[in-house]
Amino acid sequence: MCYLCALLKRTYAPSLMNTLTPFSSPLYVMSKPAGSLCNLACDYCYYLEKSLLYRNGVHESHKSHEHFEPHKPLLMSDATLEAFIRQYIEAQTQPQVLFTWHGGEPLMRPLTFYKKVLELQRRYAGGRQIDNCLQTNGTLLTDEWCTFFSENNWLIGLSIDGPQEFHDEYRRARGGQPSFHKVMRGIELLKKHGVEWNAMGVVNDFNADYPLDVYHFYKDIGCHYIQFTPIVERLLPHSDGRRLASIADGQDAPLADFSVTPEQYAHFACTIFDEWVRHDVGDVFVQLFDATLACWVGQAPGVCSMAETCGHAAVMEHNGDLYSCDHFVFPEYRLGNIHNDSITAMMYSPRQHAFGAAKRDSLPGQCRQCEWKFACNGGCPKDRFCMTADGEPGLNYLCEGYRTFFRHVAPYMDFMKEELEHQRPPANVMEWIKEPHKS
Ligand code: SF4
Ligand code: SF4
């Protein structure tokens with residue numbers, strides 16, 4: 001085990017380490033027990049409109065399916081749940097299995113659904129260690145939910161975009177009602193019951209200009225594990241009613257105005273990094289910074305967008321349809337259905353292999369020659385809709401932001417790498433930085 005892994009394992013409980021870096025698993029499928037169903041309708045949500053793929057209760061190409069349940073169009077049936085749990089455990093090549101319950105809003109299913117999950121996991125575990133995490137908007141949390149999560153050691157990922165004015169800008173119910181206070185009540189419940197949780201903040205055109213307000217807010221609410229996701233979406237009306245463009249739609253679709261610009265993202269990430277590297281290394285864990293350090297020392301980053309290839313992290317819709325990735329739930333990326341093909345067969349299929357390898361193989365020359373390629377790897381293919389300086393397609397929209405960030409953090413990453421190589425804690429950077437010539 002390398003020193004970084006040892007350090008991370010000392011820092012995080014082993015089960016928390018598994019759940020915090022799910023993309024480092026060789027085979028990972030997050031599932032949608034309530035499809036895209038959600039009690040909120042955040043402006044930038046990429047998943048709400050997936051219900052249009054299942055307008056008649058089942059995927060258009062799949063109408064004869066025996067598990068088609070027209071009266072429960074977006075909810076996972078017992079048969080699908082059992083098939084998923086059995087196949088997913090069987091497909092693992094490691095002794096640990098991580099289940100991620102995602103949405104939409106997974107708490108749209110009742111507690112009895114998740115009790116059944118535990119029962120089935122126990123039935124099919126075969127001696128493996130099972131971990132669960134659930135990504136929620138937090139507004140439906142109750143004492144009952146939190147008792148369940150605490151008793152069963154579930155990790156909760158909670159979406160919150162910063163202080164109220166930033167959070168409520170985009171995260172609202174269909175009728176426009178804000179959600180901040182309900183989310184905060186959910187956080188208090190998680191804390192009251194001692195549930196492990198981390199925050200997922202979407203970096204958008206508004207909060208990106210206030211990095212320290214956002215960062216200090218997370219610290220003030222007692223959050224020590226933070227994941228920032230820059231939002232980049234393009235709009236292109238489809239005949240079935242969907243409004244978001246996929247990479248297959250070409251380069252012409254206009255950006256959605258909630259998208260963060262590369263300059264904003266660089267400013268956001270660099271400003272928070274400067275604060276973190278002076279005060280919080282080893283106490284606050286920002287996924288972007290941990291993943292960058294992992295790349296610096298030659299380890300897998302645990303964040304798919306920074307990895308050389310992808311394709312081992314798929315998503316399963318409520319009816320068992322498997323798609324190449326959560327951000328590629330489009331008809332052209334549907335791999336099949338678990339009632340017809342096994343998860344193993346679909347995940348190791350030539351199609352999925354090609355999907356994952358394309359992340360590396362389709363890089364434009366500018367990325368292949370880039371000094372930051374070892375850490376950036378061109379970013380997520382979903383966002384590669386720009387032209388390089390010499391007119392080659394396939395450059396990531398956030399490239400300029402990535403370059404600025406990596407250039408900015410490089411001296412500190414070099415120092416932390418050196419510390420790790422000498423078996424010293426990277427948190428020493430906070431002392432090193434106080435030396436006059438380093439600030
Ligand atoms: S396509 Fe993007 S989001 Fe999906 S696994 Fe690859 S890098 Fe991650
Ligand atoms: S920083 Fe830009 S050029 Fe370099 S690898 Fe990333 S996307 Fe490509």
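**Sheet and ligand shells**

Me: How many bridges join strand E4 to strand E5?
Reply: In this predicted model, E4 covers residues 155-159 and E5 covers residues 197-203, and the two run parallel. Strands are DSSP runs of E with at least two residues, helices are runs of H or I with at least four, and both are numbered from the N terminus. Two strands pair if DSSP finds at least two bridges between them. For E4 and E5, the bridge count is 4.

Me: At what pLDDT do side-chain atom pairs count?
Reply: Residues are numbered from 1 along each chain as its sequence is written, while chains are lettered from A and ligands numbered from 1 in the order in which they are written. As this is a predicted model, totals for chains, interfaces and linings use all residues, local features need pLDDT of at least 70, and side-chain atom pairs need pLDDT 80 or more.

Me: Which helix makes a right-handed β-α-β unit with E5 and E6?
Reply: E5 and E6 (residues 225-230) run parallel, joined by 5 bridges, with Val202 opposite Thr229 in E6. Right-handed means that, with the strands pointing away from you, the path from the first strand over the helix to the second runs clockwise. The helix in this unit spans residues 211-220 and is H8.

Me: Which strands stand at the edges of the open sheet?
Reply: The sheet has 10 strands with mixed pairing, in the order E7-E6-E5-E4-E3-E2-E1-E8-E9-E10. Each edge strand has a single partner, so one side of each is left without a neighbour in the sheet. At one end, E6 and E7 run parallel with 2 bridges, and Tyr225 has Phe285 in E7 as its bridge partner. The edges are E7 (285-286) and E10 (334-337).

Me: Which helix gives the largest share of the shell around ligand 2?
Reply: Shell residues have a C-beta atom, placed from the backbone, within 6 Å of the molecule; around ligand 2 they include Cys367, Cys370, Cys376 and Cys399. Helices H13 (365-368), H14 (373-376) and H15 (399-421) each supply at least two. The largest share, 3 residues, comes from H15.

Me: How many nonpolar residues does the shell around ligand 1 have?
Reply: Among the residues there are Cys304, Cys310, Ala313, His327 and Lys359. Ala, Val, Leu, Ile, Met, Phe, Trp, Tyr, Cys and Pro count as nonpolar, Asp, Glu, Lys and Arg as charged, and the others, Gly among them, as polar. That gives 2 polar, 2 charged and, for nonpolar, 7.
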